[in-house]
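Open the structure in your viewer and keep the selection tool at hand. Each stop below says what to select and what is there.

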Amino acid sequence: NRINQTIRARVLENVQTATQAQDRFLAACRTEVEQEYREWKDENVESGPIERAVSTELMPVFNYFPYLSFSVNSYAYTGGAHGSSGLEGLTFDLRSGEVVPFEALFETPSPRVLSHIHAEVAQRLVREYGDLLFPENLEQATRYHALSAAPSDEALLEAWNAGNTGFGTSTEFLLVPGGVRVVFQQYEIAPYSSGLPSVFIPLSVWRDEAAESVRQALSQNAL
């Protein structure tokens, strides 16, 4: 079905099985390692062990009709001091099999609604991570959230339209019991040591803006 096709395309890169995906990775690693060995040999560099590793884990985190949400956790090590991790959120509408974009969580995803939702994200990032963020992201997110308290939405909308929020608004998210979790990648807004920053926005904060189907699904397991 459409959901399986999307997962296969996103996670297995259009191959049919996990074994085929593994074989493709090993073949690519072999080519890369052989190239590195030839370069080291040509430069008379003494080579040591060459390590490569990759893993992908697909985990369901929300399954209340009509939404099914997966967390796709990935890790790769291709040399250097440490590996890299990533997270992709895949939320499906079970009625159509389509991937649900962040904007579709809201009844009317206008710039005004989205700018206020992202102001809530900014507030929680500042409160929960503070100095663990990059200084420029912390400063910009703090300024952005402060604009949401102004009597007029004009300055907030202007900052949102200009991307002056302190983080990208092409939002990676997971529907989870009780609300939505917004996730950021390594180095996106914070150093490696901060991992994958994320903030939970409970439905109570955006209930009035939520699409009716989202509100019903989340209300089945409200925290």
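This is a predicted model: local features need pLDDT of at least 70, side-chain atom pairs count only at pLDDT 80 or more; totals for chains, interfaces and linings use all residues.

Residues are numbered from 1 along each chain as its sequence is written, and side-chain values use heavy atoms, with hydrogens and water left out.

**Stop 1: the sheet**

Select residues 53-64, which are strand 1, and residues 67-77, which are strand 2. Helices (H or I, at least four residues) and strands (E, at least two) are DSSP runs, numbered from the N terminus. Strands 1 and 2 pair in the antiparallel sense over 11 bridges; two strands count as paired if DSSP finds at least two bridges between them. A hairpin of two residues connects strand 1 to strand 2. To see the pairing residue by residue, show Thr56, which stands opposite Ser74 in strand 2, and Pro60, which stands opposite Phe70 in strand 2.

Strands of a sheet pair through backbone hydrogen bonds, either parallel or antiparallel.

**Stop 2: the cores**

Select Phe102, Leu105, Phe106, Val121, Leu125 and Trp206. These have the most contacts inside the largest nonpolar core, which has 38 residues. A nonpolar core is a set of buried Ala, Val, Leu, Ile, Met, Phe, Trp, Tyr and Cys residues joined through side-chain atoms within 4.5 Å. Buried means under 20% relative accessible area, exposed over 50%, and partly exposed in between (1.4 Å probe, protein chains only). Helix 3 gives the most to this core, with eight residues.

Leaving aside neighbours within four places in sequence, Val121 is in contact (heavy atoms within 4.5 Å) with Phe167, Val182, Phe184, Val199 and Ile201. Apart from this core lies another, of seven residues, among them Ile7, Leu68, Phe70 and Phe92.

**Stop 3: aromatic rings**

The whole structure holds seven aromatic pairs. Rings of Phe, Tyr and Trp (its six-membered ring) pair if their centres lie within 6.5 Å; planes under 30 degrees apart count as stacked, over 60 as edge-to-face and the rest as tilted. Select Phe62 and Tyr64: this pair is tilted, at 5.2 Å centre to centre and 50° between the planes. Phe62 is buried, at 2% relative accessible area, whereas Tyr64 is partly exposed, at 30%. Then select Phe102, Phe106, Phe173 and Trp206, which form one aromatic cluster.

**Stop 4**

Arg124 is in helix 3. Is Arg124 buried or exposed? Its relative accessible area is 12%, so Arg124 is buried.

Finish at helix 7, where the buried residues are Ser213, Val214, Ala217 and Leu218. Seen down the axis of helix 7, these fall within an arc of 125°, so they line one face of the helix; the arc is that of the directions from the helix axis to the C-beta atoms.
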